[in-house]
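Work through the exercises below with the structure open beside you. Try each task before you read its solution.

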Amino acid sequence: MDGLLNRFVVKRLEPVVRAAGWVARAAVLMLVVLVATNVLLRYVLSWSPVGMQEAEWHLVSPIALLGMAYAVYHRADVRVDFLYERFGPRTRGWVDLLASLLTLAVGALIATLAIPYVMQSYHTGEGSPDPGGLPYRYLLKVFIPLGFALLALQGLIDVLRAGARLFSRAAPEDSREPRP
Amino acid sequence: RAESQTTFNWKMTNAYPPGAPFYVQGPGSPTDFCKKVEILSGGRLKIQHFAAGELIPAMEGFDAVSKGLVEMNAANAYFWAGRIPAAQYFTTVPFGMNTQGMNAWIYHGGGLELWNQIYAEHGLVAMPMGNTGTQMTGWFRKPIENVGDLDGLKMRIPGLAGRVYAELGVTVRLLPGGEIFPALERGVIDAAEFVGPYQDRRLGLHKAAKYYYTTGWHEPTNVTELIINKKAWDSLPEDLRAVVRTAAQACNVESHAWCEAVNADALTDLVTNEGVDARPLPADVVAKLKEVTAETLESLAKADKTTRKVHDAFMDFRGKHESWAAVSEKAFMML
Amino acid sequence: MSGNEWLILALIGGFLTLMMIGVPVAISLAVSGFTVGFIGFGPMLFSLLPARLYGVVTNYTMLAIPLFVFMGVMLEKSRVAEDMLETIGRLMGPVNGGMGIAIVIVGVLMGASTGIVGATVVTVAMLTLPTLMRRGYAPSIASGTICASGTLGQIIPPSLVLILLAEIVGESVGTLFAAAFLPGLVLALVYVVFLLILGRWRPSWVPAIPAGERATSGGLGRDLLRTVLPPLLLMMAVLGSIIAGIAAPTEAASMGALGSALIALAARRMNATLLRETLHGTLTITAMVFFILLCAQPFALAFRGLGGDHLVHELFALLPGGEIGAVLFLMLLLFVLGFFLEWIEISYIALPMFLPVFHGYGTDMVWLATLVAMNLQMSFLTPPFGWALFFLKGVAPPGITTRHIYLGALPFVLLQMLAVMILFFVPEVATWLPKAIGW
Ligand code: NA
Ligand code: NA
């Protein structure tokens, strides 16, 4: 189990979540620069292309959706630990396993539901209704199945980790420990 | 006989938010349409109405009805210009036709057939269900004396008109409805287009800008679109289809009549009590806008085969209608 | 009770149970929504879910969340914010509760520049919570003060809640902005008075800065200039760019984000590590907010699909007491709904349905909308399901437990009820300003 955890989870799965996080962080930086640039260009030069305005809210999609798994990976998601902190280590382990199984299920379900939605946008060739707006709306919509698939992946990682903790004699690891 | 016993429970979504007069509630509105259909059908066709955000977001109705997730959606066809560039023509055309002309084209000039030909590919049936009548050019913080005054002007104006203004040097700003007022009031934008006197007064735009330009060149009419899932439509018995068609026609007339009445009151109130300066655009500005509009429409028609077809059909009918209108409505207005 | 009513109870009960045992809030919402929804009407309803998710991540006003969070994280990581609060705290000198009052002031300033609760609570928490803990504040009072100050932005214009309410009740946005301005300040004032009283009654909960430290750290004037001026300039950059007409309220947040980077640069603290940490912090916090908003969609869809809104409507029909009775009941209803639902859901469900009743009575819509806004704001603070509380929990240091946050929110919920009562009996608090300035 420990070998599996190291070989598979740490070496193969977690880098995927971190890579998505890298893309989302780049999107955050681009968003800050883009919105500020748009404001200043419009004020100083009265110049404000429709496409650049649309790009502003287009960037929120990768940030929000790719960022979800990254936030869970870094234990930055919100939990109510009112009872949890009173549980013993075994009970906590079971709660962790349940939570990660549910995360896996929710991620997989929503990703599956979203695929036909993206395909419809692809088939109709949907773009911005405004002249000068951005084309290829499906590229924007594809972050929905992608983000929730990543969430399912993070759920799988946590299932394996929680399982290892419960069923092997490995050193107990607190799942709520924030990662650096 | 068995068919006449069946009760249909349908859902209608709407691109406009809860409470919006004309677009959601009031005489001839989509909620009124649902009520009319239920009464006329003796309760055999019940349509539950959902405003934007209640079931799905504002602009998601096209896909939802196309896939049959809901049976009906109320919106304006030009919202779907990102999927079907020609859809623009079924809402309004800059310097196109007024409401009378538009209704004539749609009902008896081949417009409705074209509309449904194009929408059939998406599994949809379409028909008009309302009209705001002539809209207004919009609110300006400073007067527009000549074409040069448009250069560098920051304006909230979506769609095709935005592209025409942009050719004249206007900076086009896309803003959601809720941000129009604060942006105009603080001068983030110098001008904004919304709907007409009644709706604009609700948004308080007269507190933010005093010049209200009246020539609604960019939206001389504005058709509310009803789309219906094709399979659901085909499943209706003939009498219920007639009920839907008739209720939509009734709403088309009634909503327009309502707008004409409340806009008259609202404009009088704005001018006499709020110090609003309502005036038409200068003739040379209109002439220039007309010229650029013609070029813009031509370039759109060139880019897409379907748009070409609809554009030509629309313009043919417009030419025919114009000659009649010149000796009827226009002549009457000049009396 | 009908089948659907049982299902609605199961929906709420299932969510609360999962959440309470420690399943992430977002996952608890999604799981209860999906399970009950599938039982209630099969898979069809959830085909609409992707459209709702797309609506959440493409909502223009949501832009302000990452931008404001960036500003907050940058100020925190560069320790600029820490210096500011230290100095304001010292300025408050011997006053117990002084740091808390400083937070309320920061909350008002932040609130005047954004209407996003997630961003404000998270930013104020990051700016202040570590400092307060180090100063020996009671954890519950510290978190309560932060949540309450952070939600002030909902009532102080510009605010998303007010924009939506204006749309729903049919008043202009400008009128509601003007109407909510004084009630917002009244609320802030109530908080300040509470903290002052607390400072006299339980000084150890809200300690002043030790006299020794104040004495040794001379040059307060210079420190003030050095530490308070830049962040204050930053607040002015956000507010100023709105007032001067440079930026619309949402995009003004970018001026704050840009300004915070410039200030870190000016303080010679900008480097690659700071930027990397800021981006990491902004991403995890923003994603945490969106994770909840996205997973709330299946829940909301199930609630609506099961006719939760009709259930509420039927409750209203049984009502005695005329106009005042109806207003009071609406307030009570919004308060109770606020325990479970997001404010957007509440405004969509309860308001449009009952507006005809109030139109019938000829109720002043400006007053009613302001009352509703105050009440919705309260729902951000009510345990167990207050958004402000979740957002705070997301960024709180390990020493702060859910229990601290719930306990700390209670006095502020009571204070808000007091403010709602003031507004109820003295409608002029809301209606005077719009009339006075002609809006
Ligand atoms: Na605000
Ligand atoms: Na709440």
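**Exercise 1. A strand and its partners**

Task: Take strand E10 of chain B, residues 223–229, and find out how many of its residues are buried. Then find which strands pair with E10(B).

Solution. This is a predicted model, so keep that in mind throughout.

Step 1. Check the cover. Seven of the seven residues in E10(B) are buried.

Step 2. Sort the residues by direction. Val223(B), Glu225(B), Ile227(B) and Asn229(B) point one way. Thr224(B), Leu226(B) and Ile228(B) point the other way. Both sets are buried.

Step 3. Look for the partners. Strand E3 of chain B, residues 72–75, runs antiparallel to E10(B) and is joined to it by four bridges. One of the bridge pairs is Met72(B) with Ile228(B).

Step 4. Turn to strand E4 of chain B, residues 124–131. E4 and E10(B) are also antiparallel, with seven bridges between them. Here Met127(B) has Leu226(B) as its bridge partner.

**Exercise 2. A buried glycine**

Task: Locate Gly133(B). Is Gly133(B) buried or exposed?

Solution. 

Step 1. Gly133(B) sits in the loop between E4 and strand E5 (138–140) of chain B.

Step 2. Apply the cut-off. Buried means under 20% relative accessible area. Gly133(B) has 0% relative accessibility, so it counts as buried.

Step 3. List the contacts, leaving out residues up to four places away in sequence. They are Thr99(B), Glu219(B), Pro220(B), Thr221(B), Asn222(B), His256(B) and Glu260(B).

Step 4. Compare sequence with space. Thr99(B) is 34 residues from Gly133(B) along the chain, but their C-alpha atoms are 5.8 Å apart.

**Exercise 3. Two interfaces of chain A**

Task: Describe how chain A meets chain B, then how chain A meets chain C.

Solution. 

Step 1. Begin with chain B. 19 residues of chain A contact 21 residues of chain B. About 1,700 Å² is buried, and carbon and sulfur atoms give 48% of that area. Arg42(A), Gln120(A) and Pro131(A) supply 32% of what chain A buries there, more than any other three residues.

Step 2. Count the pairs. This interface has two salt bridges and seven residue pairs in polar contact. On the side of chain A, the residues divide into six nonpolar, eight polar and five charged.

Step 3. Move to chain C. 54 residues of chain C contact 56 residues of chain A. The buried area is about 5,100 Å², with 80% from carbon and sulfur atoms. Tyr54(C), Leu283(C) and Phe291(C) lose the most area in chain C, together 13% of what that side buries.

Step 4. Count again. There is one salt bridge, and three residue pairs are in polar contact. H14(C) gives the most to the chain C side, with 13 residues. That side has 40 nonpolar, 11 polar and three charged residues.

Step 5. Find the salt bridge to chain C. Arg42(A) and Glu251(C) form it, 2.6 Å from N to O.

**Exercise 4. Salt bridges between and within chains**

Task: Which chains does the pair Glu126(A) and Arg83(B) join? Where do Lys288(B) and Glu291(B) lie?

Solution. 

Step 1. Start with the total: 23 salt bridges over all chains. In one of them, Glu126(A) and Arg83(B) meet at 3.0 Å, N to O.

Step 2. Glu126(A) is in a loop of chain A and Arg83(B) in a loop of chain B, so the pair joins two chains. Both residues are buried.

Step 3. Turn to the second pair. Lys288(B) and Glu291(B) both lie in helix H10 of chain B, three residues apart, about one turn of the helix. Their closest N and O atoms are 3.6 Å apart.

Step 4. Lys288(B) is partly exposed at 29% relative accessibility, and Glu291(B) is partly exposed at 42%.

How values were computed: Residues numbered from 1 in each chain as written. Chains lettered and ligands numbered in written order. Predicted model: local features only at pLDDT ≥ 70, side-chain atom pairs only at ≥ 80, totals over all residues. Heavy atoms only, no water. Contact = heavy atoms within 4.5 Å. Buried area = accessible area lost by both parts, 1.4 Å probe. Salt bridge = Lys/Arg side-chain N within 4 Å of Asp/Glu carboxyl O. Polar contact = N/O pair within 3.5 Å; in protein donor to acceptor, adjacent residues only side chain to side chain. Nonpolar A, V, L, I, M, F, W, Y, C, P; charged D, E, K, R; others polar. Buried < 20%, exposed > 50% of the residue type's maximum accessible area, 1.4 Å probe, protein only. Pairing = 2+ DSSP bridges.
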